[in-house]
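Please look through the sequence and the coordinates shown here before reading on.

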Amino acid sequence: MSTEIAASPSAKLDHQAYIWQRQWTPAVSAAIDHVKPDLSGLRVLALQFDPIRGWTSPSAIHFTAFRDVPVVLVVRLEQLPAGDGQGETLNQLMALLSRWRAGTSEVRGLEIDFDSATSQLARYAEFLMELRARMPKGYPLSITVLPTWIESKAFPALAQSVDLLVLQVHAIQRPPAPLFEPNHAWQWIARLQRATEKPFLLALPTYGSRVHFDVDHSIIAVESEQKLGSLGAAGTSEQYAAAPVLFAFVRELEDRAPAGLTGVAWFRLPTTRDQRAWSAQTLLAVIRGTPLESKVQSELRQSAADSFDVLLHNTGNMDGELPHRVRLHAECRAGDGARTFEFDLQAKHFLRSSAASLPAGRRIVVGWVRCVALEGSDVELVW
């Protein structure tokens with residue numbers, strides 16, 4: 001690797017995770033319980049502002065979920081306030097801190113997530129300095145940093161206005177460029193080190209997105225967990241954070257120990273309800289350095305003398321691709337597919353109709369069949 005990185009004597013990394021749900025469910029609390037022994041903190045979307053909807057907060061947050069895990073409150077701004085709006089914004093942020101401090105003793109700081117235009121960085125720094133002056137002592141202020149800011153003359157002053165930087169190195173380049181590219185991440189780390197000595201976290205992805213394109217290849221929308229329905233798009237492209245790529249990158253972070261890097265902030269904490277995110281088992285394997293392996297196996301569940309449910313079970317720690325075909329070597333009289341599989345009685349197989357993956361630790365039903373003396377060895381998975 002030709003990129004020159006200033007190294008630190010310590011190779012230990014802290015791992016944190018973002019919680020970005022707008023509505024809390026039992027799945028969110030369960031995800032926190034699952035991973036928090038391996039995390040040094042959570043960065044929780046607590047407040048959001050956009051010019052159309054105004055101020056909004058996630059609903060039904062369970063403060064008890066944060067027991068024994070430090071929390072940084074994240075405020076997402078779609079627009080930087082001006083004039084009287086700046087005073088209102090500062091009041092909203094101070095009220096937010098007060099509400100959360102009353103709900104949990106684990107609050108440890110505040111993060112502002114604002115995708116500022118580079119030309120507005122000086123004004124953004126002024127806003128942050130006023131916010132920093134208003135915040136209670138002992139509560140660090142951090143911001144999300146886009147790589148495009150780093151070469152700006154205004155960036156050093158922006159960095160000085162806060163206590164910690166969170167460098168985002170995913171979803172920076174326009175599709176069809178990869179969601180995450182290790183070589184670019186190393187280049188941005190080196191540039192950040194040259195621009196400032198402020199400590200920083202590195203924001204890394206655990207998710208995937210479907211990008212909707214128009215006929216001229218312009219992006220109409222990006223769909224993650226919230227389904228957007230029909231958009232009249234001329235085409236789509238799926239983008240994923242490949243777990244093996246991130247696994248190798250984190251191991252290299254540990255080996256090279258970039259100076260100023262205090263840890264990794266994973267965007268975002270996956271739940272069992274997510275459709276385009278890693279499983280919690282995969283995230284934990286990447287954090288712990290446990291070798292990744294997908295083990296998609298077939299199972300049978302007998303419901304009557306000659307009736308069986310056919311299942312797939314991923315017993316590995318990495319999400320795995322579903323087989324293209326599930327073939328049955330037995331005499332079958334009837335059957336039907338489920339989910340993304342269709343059953344062909346004549347061919348005696350279940351055929352996958354669209355690409356899909358099976359999260360680590362999960363089971364799905366492929367379908368049901370009526371067969372004579374069907375056994376586990378009669379089921380063949382074909383990729």
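## Overall make-up

How many helices and strands does the protein chain have? In this predicted model, the protein chain has 7 helices and 22 strands. The C-alpha trace spans about 75 × 50 × 45 Å along its principal axes, and of the 383 residues in the protein chain, 51% are buried.

## Helix H6 against helix H7

Two packed helices are described by the angle between their axes and by the distance between the axes. For helix H6 (residues 243-256) and helix H7 (residues 280-288), the axes come within 9 Å and cross at roughly 25 degrees. Because angles under 35 degrees count as roughly parallel, H6 is roughly parallel to H7. The crossing of H6 and H7 is right-handed.

On the side of H6, the contact is made by Ala243, Leu246, Phe247, Val250 and Arg251, while H7 brings Thr282, Ala285, Val286 and Ile287 to it.

## Helix H5 against helix H6

Helix H6 also packs with helix H5 (residues 182-195), and here the axes come within 11 Å and cross at roughly 30 degrees. H5 and H6 are therefore roughly parallel to each other, and their crossing is right-handed.

From H5, the residues making the contact are Pro182, Ala185, Trp186 and Ile189, and from H6 they are Val245, Phe249, Glu252, Leu253 and Arg256. The contact of H5 with H6 divides into 7 nonpolar residues, no polar ones and 2 charged.

Which side chain meets that of Glu252 in a salt bridge? The partner is Arg256, with a distance of 3.4 Å from N to O. Both residues lie in helix H6, 4 residues apart, which is about one turn of the helix. Glu252 counts as partly exposed, at 25% relative accessibility, and Arg256 is likewise partly exposed, with a relative accessible area of 21%.

## Salt bridges elsewhere in the chain

Across the whole structure, a search finds 18 salt bridges. One of the pairs is formed by Asp115 and Arg76, whose closest N and O atoms are 3.1 Å apart. This pair links distant parts of the chain, since Asp115 is in the loop between strand E5 (107-114) and helix H3 (121-134), whereas Arg76 belongs to strand E4 (residues 71-77), 39 residues apart. Is Arg76 buried or exposed? With a relative accessible area of 13%, Arg76 is buried, because the cut-off for that class is under 20%. Asp115, by contrast, counts as partly exposed at 39% relative accessibility.

A further salt bridge is the one between Arg108 and Glu106, in which the closest N and O atoms are 3.3 Å apart. Here Arg108 counts as partly exposed at 39% relative accessibility, while Glu106 is buried, with a relative accessible area of 13%.

Notes. Residues numbered from 1 in each chain as written. Predicted model: local features only at pLDDT ≥ 70, side-chain atom pairs only at ≥ 80, totals over all residues. Heavy atoms only, no water. Axes fitted to C-alpha atoms, helices over the stretch in contact; angles between N-to-C directions. Helix = DSSP H or I, 4+ residues; strand = E, 2+ residues; numbered from the N terminus. Parallel < 35°, antiparallel > 145°, perpendicular 65-115°, else oblique. Left-handed = near helix turned anticlockwise from the far one by under 90°. Contact = heavy atoms within 4.5 Å. Salt bridge = Lys/Arg side-chain N within 4 Å of Asp/Glu carboxyl O. Buried < 20%, exposed > 50% of the residue type's maximum accessible area, 1.4 Å probe, protein only. Nonpolar A, V, L, I, M, F, W, Y, C, P; charged D, E, K, R; others polar.
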